[in-house]
Amino acid sequence: MTQSLTIARPDDWHLHLRDGAMLTAVLPETARHFARAIIMPNLVPPVVTAAQAATYRDRILAALPDGMVFEPLMTLYLTEETDPADVAEAHASGLIKAVKLYPAGATTNSASGVADFDKVRGVLEKMAEIGLPLCVHGEVTDADVDIFDREAVFIDRVLDPIRKATPGLRVIMEHITTSDGVDYVKSNDSDLGATITTHHLIINRNHILVGGIKPHYYCLPVAKREEHRLALRAAATSGDARFFLGTDSAPHTDPNKLSACGCAGCFTATNTMPLLAHIFEEDGALDKLEAFASRNGPVFYGLPVNNTTLTLTKSDIATLFPNQITSDDGPVTVFDPGYPIYWTAS
Ligand code: DOR
Ligand code: ZN
């Protein structure tokens, strides 16, 4: 039996495209299904100025294969030296759609992130004034805070004080992984939204650690207990406009993942939409998939919903996704949910 569902074309509100050979390899995987994506600025060196964002955007568009249509939505990497005027100008010109806050040391290439939040107060106030959203990697980095508690502690110690000190600042809590994140978003007003990744809807911490360590399931924030995964599933499939898809698809080559000190990141660009169709069907919420993947994000960002579509089709035969994609930097393993998927996207 074949079943199909056509939705407004989805967008990815949190994506790592990298640069150079890796950009060339991974961009088509996203552009095949998604119309737009918020592009993370954690390159080496990071994208901190409007001029750097403009040239990165040019490199992304140059890497897009002929015939593919895709709009990169650029972001700036917030540092303690970020100039509020540069940010405002980049926003006014339409170049950037958000600024990204990485607490210093929280994750991949976050060394230039923020350690002293008082030093970015001026930028945050300017952003609130001009209506430019702040994307937040919500984890504290204090050595004495357990890695599984870092999101919940960040909400109390950093995020809530920043939001109280900066009324009107629109914030996206990115890749939430806990019921604490879900509850915080729900208990606040429309200035606060959250993205949820595909992989955090599928794996909990047992998937990473039980029966042998699974490097391809290691990402940051790290997957939490099952009760948290279920809270994320309920939020994503609820249709609540404050929750939307940000895959955090984060390519690392296999040698960098399968290492004594492996990199954090799950690469889900290739199969995210079929995986989401599976998840939403399993939860009896296929009618909410369009809200999560295609509608809630543009509404939060004040952008139009795409007028093109994507069709998801379910058949009796399990879909064969590639195990890896190749790049001139090396192979990148595609996220494997660990069970068969019968959906395809086109
Ligand atoms: O798992 C992750 N990978 N989490 C992040 O926050 C960064 C990302 C990356 O850039 O590889
Ligand atoms: Zn990310």
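Mentor: We will go through the ligand, then the cavities, then the pocket. This is a predicted model, in which local features need pLDDT of at least 70 and side-chain atom pairs count only at pLDDT 80 or more, while totals for chains, interfaces and linings use all residues. Residues are numbered from 1 along each chain as written, chains are lettered from A and ligands numbered from 1 in the order written, and side-chain values use heavy atoms, without hydrogens and water.

Trainee: Which residues are the closest to ligand 1?

Mentor: A residue is near a molecule if one of its heavy atoms lies within 4 Å of it. Here 13 residues surround ligand 1, and the closest are Arg-18, Asn-42, Leu-220, His-252 and Ala-264. By class, this shell has 4 nonpolar, 7 polar and 2 charged residues; Ala, Val, Leu, Ile, Met, Phe, Trp, Tyr, Cys and Pro count as nonpolar, Asp, Glu, Lys and Arg as charged, and the others, Gly among them, as polar.

Trainee: Which polar side-chain atom lies 2.7 Å from an oxygen atom of ligand 1?

Mentor: For polar contacts, look for a pair of N or O atoms within 3.5 Å. The one you ask about belongs to His-252. A polar side-chain atom of Asn-42 lies 2.9 Å from an oxygen atom of the ligand, and a polar backbone atom of Ala-264 is 2.9 Å from a ligand nitrogen. Taken alone, ligand 1 exposes 290 Å², and the protein buries 99% of that (Shrake-Rupley method, 1.4 Å probe).

Trainee: How many cavities of 30 Å³ or more are there?

Mentor: Rolling a probe the size of a water molecule over the atoms shows where empty space is left. On a 1 Å grid over the protein atoms alone, a cavity is a set of points where a 1.4 Å probe fits but cannot get out; a pocket is an open set with protein on both sides within 12 Å along at least five of seven lines; lining residues have an atom within 4 Å of a point. The structure holds 3 such cavities. The largest has a volume of about 110 Å³, and its space is taken by ligand 1 (more than half of the molecule's atoms lie within 2 Å of the grid points). The second largest cavity has about 60 Å³, and its lining includes His-252.

Trainee: What volume does the largest pocket have?

Mentor: About 380 Å³, where a volume is the space filled by probe spheres set on the points, joined across faces, edges and corners. Its lining has 20 residues, with Arg-18 among those nearest its centre.

Key
Polar contact = N/O pair within 3.5 Å; in protein donor to acceptor, adjacent residues only side chain to side chain.
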